[in-house]
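Here are some notes for a colleague going through the coordinates.

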Amino acid sequence: MDSHVQNWADFPSVFYFVGLADIGQPYTCEQWGDAGVEGIPMIIEDPGTVFNWLHDSFNAYPTYAILNQYMEIVAKPWPYGNTDGLIQDLLDACMECNSTDLDEDGINNDVDNCPEDFNPGQEDEDSDNIGDACDDCANMPGDINDDYSLDVLDIVSIVSIILNSLVPTECQVADADFSQDGIVNVLDVIQIINTIISAPRLNQMDGIASVIVYSENEMTYINIESNIAFVGVELDVLDKNPISFELISNDHMTTEWGFSNDVNKMISYSPDNSRFDNNTAQYILSGDELDHGDINIIIGDSNGEIIQINRSNFENGFMNTPEKFELNAVYPNPFNPSTEISFVLNENMNIELSVFNAYGQKVDTIVQGYQSAGSYHFTWDASLMPSGIYFVKLASGNIIETQKAILIK
């Protein structure tokens, strides 16, 4: 037995003890091989409990037993024999158990924020639940420059990421995605500013904005009117050439834009999240004649939540009635956890826009009812849905359009 004890003496997960319970057999420590010496099994006075628990009825001698981490008897070898292999197997099986301490820092895996790296202090300066000892990114949400504070420099950096004027690292993208929705956009800017200025979160607002897009004299105009206050706007325009953006009035708003990889991006915001005057905004886009279907619009409320858009397109001052009933491809795709869905109606009709899973089961209805001819834009939030393939279906009577969407969490 001493050889087993010595073999595992430096391994804290293996422990030996001896229970003395043989009536009329007052063995001494020396007779037990000096058991009880530090580093060698301790001796307990056992009135019969452990002995009876482990004892084989046909054998009067104390039984040698091996227990696992759940105090279950896994073997009672007799005589002692070589059990090192069995002990090692038990330890290997326990490596995946939350009750173990892989890095031996005194904190079990289920509460250790860095279970594979020794970090006794468990310092976590950026408060991201990853111990500094194994944190590849000092990724405090919103802290783009990793100085452990949120300030205007972080806002400047995230705007540069949105406008593609800064090629971010993987860590910077993680920092910039303040809302953790998998997309870096104006909503993240709004939420970071609210954190910087300690703005209280307002009650849930059901915002909806009427957006009119029209072309006139080789200019494209975008008029926005919302039923609630909005504090940020982002425009993404697909075009092979750079275009310029102008925000009419609303001089307190900062408007910046950039061009990269055939995409023009513009963002409007204020350093203190001030609202747009009268909950309205008008933009003038100058450049080549633009396809209205290539203009994507994101509007954020005071909490940094997206506002639903009802959109109409006009050309040359007249309503541009779509030529066909059409559901456009969702964007982004794949997505996590939200994606944008747009469609056009060539006449007034009752429609239903719904989502089905891969088994053909309806999991959500986005909009249902009578709609006028025109273009529409909605956001589908799939936060409560599992990862997988989904099908967005636009239906009106026997007319059906379907698009596939992939949710990856």
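1. Across which strands does H4 lie, and at about what angle does H4 run to E10? In this predicted model, H4 lies across strand E7 (230–238), E9 and E10. Its direction makes about 150° with that of E10. Helix H6 (residues 186–196) also packs on the sheet, where it touches E7, E10 and E12. The angle between H6 and E12 is about 20°.

2. The sheet itself is open and has four strands, in the order E9-E10-E7-E12, with antiparallel pairing. Strand E9 (254–260) and strand E12 (295–301) are the edges; each has a single partner strand, so one side of each lacks a neighbour in the sheet. From one strand to the next the twist averages 10°.

3. E9 and strand E10 (residues 263–269) run antiparallel and are joined by seven bridges. Within this pair, Thr-255 is opposite Ser-268 in E10.

4. How many disulfides does a search of the whole structure find? The search gives one, between Cys-137 and Cys-171, with an S to S distance of 1.7 Å. The torsion about the S-S bond is about -65°, so this disulfide is left-handed.

5. Cys-137 sits in the loop between helix H3 (84–94) and helix H4 (152–162), while Cys-171 belongs to helix H5 (residues 170–176), so the pair ties together parts 34 residues apart in sequence. Is Cys-137 buried or exposed? Cys-137 has a relative accessible area of 15%, and the cut-off for buried is under 20%, so Cys-137 counts as buried.

Definitions and conventions:
Residues are numbered from 1 along each chain as its sequence is written. This is a predicted model: local features need pLDDT of at least 70, side-chain atom pairs count only at pLDDT 80 or more; totals for chains, interfaces and linings use all residues. Side-chain values use heavy atoms; hydrogens and water are left out. A disulfide is a pair of cysteine sulfur atoms within 2.5 Å. Helices (H or I, at least four residues) and strands (E, at least two) are DSSP runs, numbered from the N terminus. Buried means under 20% relative accessible area, exposed over 50%, partly exposed in between (1.4 Å probe, protein chains only). Two strands pair if DSSP finds at least two bridges between them. Axes are lines fitted to C-alpha atoms, for helices over the stretch in contact, and angles run from 0 to 180 degrees between N-to-C directions. Contact means heavy atoms within 4.5 Å.
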